[in-house]
Amino acid sequence: MKKNNKDKKLQKQESIETAMSSGFDDFAYNNMDDDYQYYEDMSEDFVEVNQQNKSSSTEIMVVDTQNNNALCDEKSGSDYVDDVEKPIKLREIAVQSDVSKVNAFDLFFLRLWAGMVSLLGYIANGINYIIFSIFKHKLPVKYIKAFLVVLLIILLLVIIIVPATANSHPRQGTDGLVIFESNMVPVKVRVDDGSGEPVYKWGYLDKSKAASGTGKDSLAIPAKYEEALPFNKYGIAWGRVRDDKGHYWELINKKGKRIGERTYPVSTSSPVGTRPFGPFTDSRLAWVNENGKYGYIDTKGNVKIACDLDVAGDFIEGIARVGRGGYEWFISKNGKVVGRANEYNQVLDFSCGLGAVNKGGVWGFVNKKGKEVIELKYNAVSQFVDGYAMVKMGKTFGVIDTDGKLVINTLWYYDIVIENEIFEEFLREHKN
């Protein structure tokens with residue numbers, strides 16, 4: 001009976017040794033706690049068997065976990081012990097084996113790649129299911145996967161290329177400096193008008209030739225303008241001409257040709273420097289002043305909203321303020337009234353999705369449908385800036401958010417310092 005027990009223990013020991021000679025295995029890794037207890041509870045019979053099989057038992061080392069060293073028999077110097085007071089740590093033994101290991105960094109990317117491949121398969125199968133539901137016909141999954149891979153590559157190229165070219169896009173400098181929005185640069189040069197006196201006119205130089213330009217002969221558009229503005233993102237610019245007809249502004253293209261048939265004279269009754277037009281905004285419309293009345297033209301010079309208005313503002317967020325006969329209101333880019341006309345005495349440009357309106361001396365705000373969403377109860381209001389507007393009640397000031405809630409109460413404060421150009425101008429205008 002004792003011999004049978006020894007045989008069973010010997011068989012178990014040999015199976016452990018075989019497992020450990022190949023590194024990690026399920027037995028060694030998943031049953032580690034049971035293994036510790038097994039070795040701690042072993043009788044002297046195991047020691048005798050182990051002594052009889054020294055040549056094979058050297059496959060197993062007893063490890064000092066604190067010093068990370070293999071323990072040896074002091075008498076014989078061999079790599080086995082005849083005393084098993086300390087448990088054999090299978091994890092340390094496996095780590096010290098000659099099994100090849102995978103770098104953790106590489107393993108992360110292998111798992112990431114496997115996850116992406118699996119996700120691609122799920123998406124492809126999902127698309128195939130949708131196609132089958134609609135057209136009752138399935139496509140080979142490999143074709144769908146190929147399409148998704150191409151789409152992913154295009155997306156990655158867009159993500160890489162767009163930020164890389166962002167700095168090449170024209171911008172308006174924060175200090176008011178115009179960063180040209182095209183390759184055409186307005187330049188002022190001396191021209192010969194036959195009088196013998198120095199005369200200077202404006203023309204346009206191709207920016208690609210700016211470094212090698214040698215004079216007026218290198219201009220893309222001849223110097224014939226009294227004043228020239230930079231080309232905008234729509235490829236058009238305003239130039240002021242003086243001829244037998246007088247002083248007037250015309251809209252031109254990059255070839256120096258007038259766009260449309262209309263010109264806009266310089267008004268002698270307006271302050272010096274006043275221009276009879278506004279900027280072309282994202283709505284591709286600009287207000288113009290023709291014979292003292294305002295209307296709107298498009299980028300082709302065509303009149304889109306008739307010049308019969310007394311007040312016209314820039315299109316902001318797709319909406320512009322207009323007025324006639326002592327009333328002001330809002331219009332969309334197709335000329336339709338937003339809300340109601342002939343009701344408000346004054347309105348302000350939209351900002352943060354809201355437009356300020358004044359009726360009977362009190363101010364509030366309307367949304368883009370013309371609905372009054374912030375009660376008309378303030379003596380004065382500013383436009384919204386980053387979600388906040390300054391308001392005045394009596395002699396005190398406050399700040400509200402786009403929901404009309406008070407952020408700074410209007411009951412107490414006679415002055416507020418907020419470093420913002422719109423707010424500072426509002427305070428200067430309404431302090432007294």
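**Exercise 1.** In the hairpin of β19 and β20, find which residue takes a positive phi.

*Solution.* Start with the strands, which are DSSP runs of E, at least two residues long, numbered from the N terminus. Strand β19 covers residues 362-366, and strand β20 covers residues 372-378. Five residues lie between these strands. Among them, look at Gly370: its phi is positive, near 85 degrees.

The model is predicted, so local features need pLDDT of at least 70, side-chain atom pairs count only at pLDDT 80 or more, and totals for chains, interfaces and linings use all residues. Residues are numbered from 1 along each chain as its sequence is written, and side-chain values use heavy atoms, with hydrogens and water left out.

**Exercise 2.** State how β19 and β20 run, and name the bridge partner of Trp363.

*Solution.* Recall the rule: two strands pair if DSSP finds at least two bridges between them. Here three bridges join β19 to β20. The two strands run antiparallel. Now take Trp363: its bridge partner in β20 is Tyr378.

**Exercise 3.** Find where pLDDT (the predictor's confidence in each residue, from 0 to 100) stays under 50.

*Solution.* Begin with the whole protein chain: the average is 76, and 69% of the residues score at least 70. Next, go to residues 16-60, where pLDDT stays under 50. This stretch has 58 contacts (heavy atoms within 4.5 Å) beyond four places in sequence. Over residues 62-100 the pLDDT is also below 50. That stretch has 63 contacts beyond near neighbours in sequence.

**Exercise 4.** Work out what share of the protein chain counts as buried.

*Solution.* Buried means under 20% relative accessible area, with a 1.4 Å probe and protein chains only. The chain has 432 residues. Of these, 34% are buried.

Definitions and conventions. Buried < 20%, exposed > 50% of the residue type's maximum accessible area, 1.4 Å probe, protein only. Helix = DSSP H or I, 4+ residues; strand = E, 2+ residues; numbered from the N terminus.
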